Amino acid sequence: MPPPPGTKRLLGKGLKFCVKYPVPTNDVNASLKRFENDVRRIVTFLGKEDDNNYIPELYIKSGWPFDEVDDEIEDALSKFRAEVEKRQRRYRRRRSTNLTPLQWHLMRELKKNDYYIVIEADKNLGACILRLSVYTKRGIKEHLGDTSVYKRLSAQEAHGKMQALKYQYRVFINRFRDYISAAETTFLERALKTYPNKYARFRMSLKAHKKPWKMRPIVCCAGTFMNCLSKWLNYQLQKLKRFVPSYLKDSGELLKDLQALGRLPPTARLFTADANSMYTCIDTEHAIAVISNWIDGLPLTEENGLNDFPIDAVKSAMGLVMRNNLFEWGDLYFLQLTGTAMGTSAACMWATIYFAIREEFLLGKYSSELLLYKRFIDDMFAIWLGSNERWIEFKADTNNFGILTWDFDDNLSASVNFLDLTITINSEYRIQTKTYQKEMNLYQYIPPTSAHPPKMMKGIVYGLIRQYKLQNTLPSDYINQSKLLFQRLVARGWDKRLIKSYILDADAKLSNPTTNPSTNNTETLTNKEQLFLHWKYHPHDIPRKNLRQIYDETCKDIFEGIGIKKLTIAYSRAPNLSSELTRAKLHQAPGKEASKYYDGELAN
């Protein structure tokens, strides 16, 4: 049975393509209620000292409805609401959409299709459509059927495990509340109230670049109380990255290191390495032990601002998060037995720190051979000065740590691809770089018909041109990459003259940075000094300038009197094809539940 007609054209738009509904989809009443409640919050706490009970990374809104305040403020809010509702009605009439009737029908049909499932491919390779039966069988064969890694639980066992986790979570909060801030405690307590019973969900993406293709396991932990604990753990582990010499935030950081090297010794050569299934190949108990010992040996002092680092709480959280990855898949429930808890917020820093402990030994033993050594989670890059024999020894030592192993380049060389860079030692023994893009990249840039804000592409072009200028040592490579961007955007439907103007404008600004206004002196405002009006974007909804004009006419002068200095219209994106076509929760056709495939009752 072939995919429904029109599938290729719909998926070819890209999963980031935003759907333009016939009428705006923003819930005006919800936006205004949130706005009004924020104003009342500011008035309620006016004149009271800030209790520092706010950490942006660790914050869940209380949802507390604040009482009405003084008449002048309430009158301004009423006028603002009335005028917004009045003007917004003009934009409620139906307009043309950016999908054909066939595509609308297909989008709705594929969301819960009994025969097909739409998933994302790795490495920017777009959307894929698979038979649901193939997807389900692959999930079991390649991942969940491995009983050494995943333990299947009955629904009753999963429920019991969930209740036990809640108890352990509460014990954690009560045990360590004197060692963490009030903001952290509030965050953890609100997490349990907000997400008391939601399970993480297993899903997969397609490794389309592999031959034969395989499935990548993903556990969607968002919106669970255990992931909130993982967010707290990540917040704490992030403070320790200063003690990881190999830590690399992105390729931009690597470029700075490379540019500072100057002329290299004639013996210099390059190599890269990739970890083999890093997350699942980090033995949980080994990692907890070595990371705990590593933290104990760190200089956590008042001088570096880490004298109050909650060591015992972090150790306890590592055990709770990494030993208790409980998730559902269709009508099945599983507990991950070993490896990094997939999908959890702390996974990246946990994995980064874990191998950094081995790197302390490697960087010491091979200090004279390693001119530069950097790692981005499971991708390693180095400049090697030693012999081939010592490199073989280095590889053996790298692969002698727990059960984690690394795949190295076959040979040391003068040119390698790493992240989004091609790094080369030129004839003058200097590092030269250029932009690297994978051969299978589909370049599915957002087309002009997508329901994005009008200046969105200008910002994207500026960011890419800036990236190309930094990445390409030779002007000819930079120019070539800019031309390719132009061609690819035009191929996606953008107007030639518009894209040309965006690229030339970006190049001019980057070539003359002194003409760009500095943002270094921008005042940082507190959450009592700025307001946000949250609004879901739609091309034919009330414009931003109109909303700001209404605010200026009804509220600005009065709100400035209570210390509010700025209003921001905070747009959220319109629904895109990813949200309309893919799901974290596995759709199961009647009679073809995941358990029947797992138990061998179904073969197709």
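Which residues are linked in a network of salt bridges? Five names to find on your screen: K365, E369, R390, E393 and D397. Keep in mind that this is a predicted model.

Now the wider count. A search of the whole structure turns up 27 salt bridges.

Pair one is R40 and E74. Their side chains meet in a salt bridge, at 2.8 Å from N to O. Where do the two residues sit? R40 is in helix α2, which covers residues 28–44. E74 is in helix α3, residues 71–88. They are 34 residues apart, so this pair links distant parts of the chain. Buried or exposed, then, for R40? R40 counts as buried, because its relative accessibility is 13% and the cut-off for buried is under 20%. E74 is buried too, with a relative accessible area of 10%.

Pair two is K79 and D75. Here the salt bridge runs 3.3 Å, N to O. How many residues apart are they in helix α3? Four, and because of that spacing K79 and D75 are separated by about one helical turn. What about accessibility? K79 has 46% relative accessibility, so K79 counts as partly exposed. D75 is partly exposed as well, at 40% relative accessible area.

K374 is buried, with a relative accessible area of 13%. D257 is partly exposed, at 27%.

Last stop: T224. Look in the loop between β5 (214–220) and α8 (225–237). T224 has a relative accessible area of 5%, so T224 is buried. What lies 2.7 Å from a polar atom of its side chain? The backbone oxygen of C221. And which residues is T224 in contact with, once neighbours within four places in sequence are left aside? Y195, K198, Y199 and A200.

K79 is partly exposed, as is D75. K374 is buried, while D257 is partly exposed. T224, in its loop, is buried.

Conventions
Residues are numbered from 1 along each chain as its sequence is written. This is a predicted model: local features need pLDDT of at least 70, side-chain atom pairs count only at pLDDT 80 or more; totals for chains, interfaces and linings use all residues. Side-chain values use heavy atoms; hydrogens and water are left out. A salt bridge is a side-chain nitrogen of Lys or Arg within 4 Å of a carboxyl oxygen of Asp or Glu. Helices (H or I, at least four residues) and strands (E, at least two) are DSSP runs, numbered from the N terminus. Buried means under 20% relative accessible area, exposed over 50%, partly exposed in between (1.4 Å probe, protein chains only). A polar contact is a pair of N or O atoms within 3.5 Å; within protein, one must be able to donate a hydrogen and the other to accept it, and residues adjacent in sequence count only if both atoms are side-chain atoms. Contact means heavy atoms within 4.5 Å.
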